[in-house]
Amino acid sequence: MRKATAIIILALVGYYFLSVFLTVPFGEKRNNVGQYYLHNTVRETGAVNSVTAIVVSYRGFDTLGEVTVLFIASLGLGAILFDKKGKKRRLQHASLIVRVGAHMLYPLIVLLGAYVFVHGHLTPGGGFQGGAIIATGVLLMFISYRSFETSHKALTYIESIAGMTFVLTGLSGLIWGNSFLQNVLPLGEPGRLISAGIIPIIYIAIGFKVGAELTGLLDNMLKTIKSD
Amino acid sequence: MIMIYVLAAIIIIAAIFSITQKDLILAVVGTSAISVILSIFYYLLQAPDVALTEAAIGIALSTIIFVIAIKKTERYEE
């Protein structure tokens, strides 16, 4: 009886979803906002990568919300897992091959992450991607060397300063311009590293913030593992 | 074109593998294989920004978080 009811309800829901789905026209131009962004981002924001221009400039306030969500998630995890006594990771040392490989790859991965967020307005990627890449590099060292430690205090300072840089850059738009996160710096020549006004500043801040948050999150989680 | 179909087939196989597998570590490896091919797909569909995110977060970070959770609970599903 219950199964029959479930099947009937599922069929009804499926019918309505399908009828809505079939009315959606695929491949037709219904919305001109994408064309607008493609044609006007370079002139209006100075950023060659239009995805970055949308994320940081046109939808900058949403990005601030996104960064806040990540901050609250890592805050909650730290509140549950952080141990004041300074627990050590109790993982076994990895094998020699993994250790040597990690030692050679770690600076390259961090360099790639830094490149990705510094060149966020020129090449694909940006603050979130760069920060996540840096966190994967630190993760590689965490699981290869038991003695590799990150300073909790340094992570806290990096995160706070980066978050404040984002908000203060936004407020500067309110002071010298007329809206929050307005691009008040000169746009410069598109395609140069120093161009696009406040976009690189915000993306570098986001890169540091995301990298520090994810590193702290992984550190807290790995410290909870007990040795076998 | 044929490459896209091959990759899509591998995604489906990896998804079925990770659902039916009783050893949860292998199931997590299946989900990270899905992420690898998804990030290739994003690259082919001209979304390199999303491909970078998927590569860093889907392959490395979420996998290690799943592995930590499995390590602290049970490795085998009943």
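Trainee: What should I know about the numbering and the model?

Mentor: Residues are numbered from 1 along each chain as its sequence is written, while chains are lettered from A and ligands numbered from 1 in the order in which they are written. The model is predicted: local features need pLDDT of at least 70, side-chain atom pairs count only at pLDDT 80 or more, and totals for chains, interfaces and linings use all residues.

Trainee: How many helices and strands does chain B have?

Mentor: Helices (H or I, at least four residues) and strands (E, at least two) are DSSP runs, numbered from the N terminus. Chain B has 3 helices and 0 strands. Its pattern along the sequence is α-α-α. The C-alpha trace of chain B spans about 40 × 25 × 10 Å along its principal axes.

Trainee: At what angle do α2 and α3 of chain B pack?

Mentor: Start with the method. Axes are lines fitted to C-alpha atoms, for helices over the stretch in contact, and angles run from 0 to 180 degrees between N-to-C directions. Under 35 degrees is roughly parallel, over 145 roughly antiparallel, 65 to 115 roughly perpendicular, and the rest oblique. Here, α2 (residues 24–44) and α3 (residues 48–72) of chain B pack at about 175°, with axes 8 Å apart. Therefore α2(B) is roughly antiparallel to α3(B).

Trainee: Which residues of α2(B) and α3(B) meet?

Mentor: Two residues are in contact if their C-beta atoms, placed from the backbone, lie within 7 Å. On α2(B), the residues include Leu24(B), Val28(B) and Tyr43(B). On α3(B), they include Pro48(B), Ile59(B) and Ile70(B). Next, sort by type. Ala, Val, Leu, Ile, Met, Phe, Trp, Tyr, Cys and Pro count as nonpolar; Asp, Glu, Lys and Arg as charged; the others, Gly among them, as polar. The contact of α2(B) with α3(B) has 15 nonpolar, 5 polar and 1 charged residues.

Trainee: How many residues of chain A are in contact with chain B?

Mentor: 18 residues of chain A are in contact with 13 residues of chain B. On the chain A side, α6 (127–144) and α8 (199–222) each supply at least two residues. The largest share, 7 residues, comes from α6(A). By type, the chain A side has 13 nonpolar, 5 polar and no charged residues.

Trainee: Which residues touch the most other members of the largest nonpolar core?

Mentor: First, burial. A residue is buried if 20 or more other C-beta atoms lie within 10 Å of its own, exposed if 12 or fewer, and partly exposed in between, with C-beta atoms placed from the backbone. A nonpolar core is a set of buried Ala, Val, Leu, Ile, Met, Phe, Trp, Tyr and Cys residues joined through C-beta atoms within 7 Å. The largest core has 41 residues, and Ala132(A), Leu139(A), Ile202(A) and Ile206(A) touch the most other members. Its largest share, 12 residues, comes from α8(A). Leaving aside neighbours within four places in sequence, Ala132(A) has contacts that include Val210(A), Leu214(A) and Thr53(B).

Trainee: Is Tyr157(A) buried or exposed?

Mentor: Tyr157(A) lies in α7 of chain A. Tyr157(A) is exposed because 12 other C-beta atoms lie within 10 Å.

Trainee: Where is Leu187(A)?

Mentor: Leu187(A) sits in the loop between α7 and α8 of chain A. Leu187(A) is partly exposed, with 16 other C-beta atoms within 10 Å. Leu187(A) and Gly46(A) are 141 residues apart along the chain, yet their C-alpha atoms are separated by 5.4 Å.
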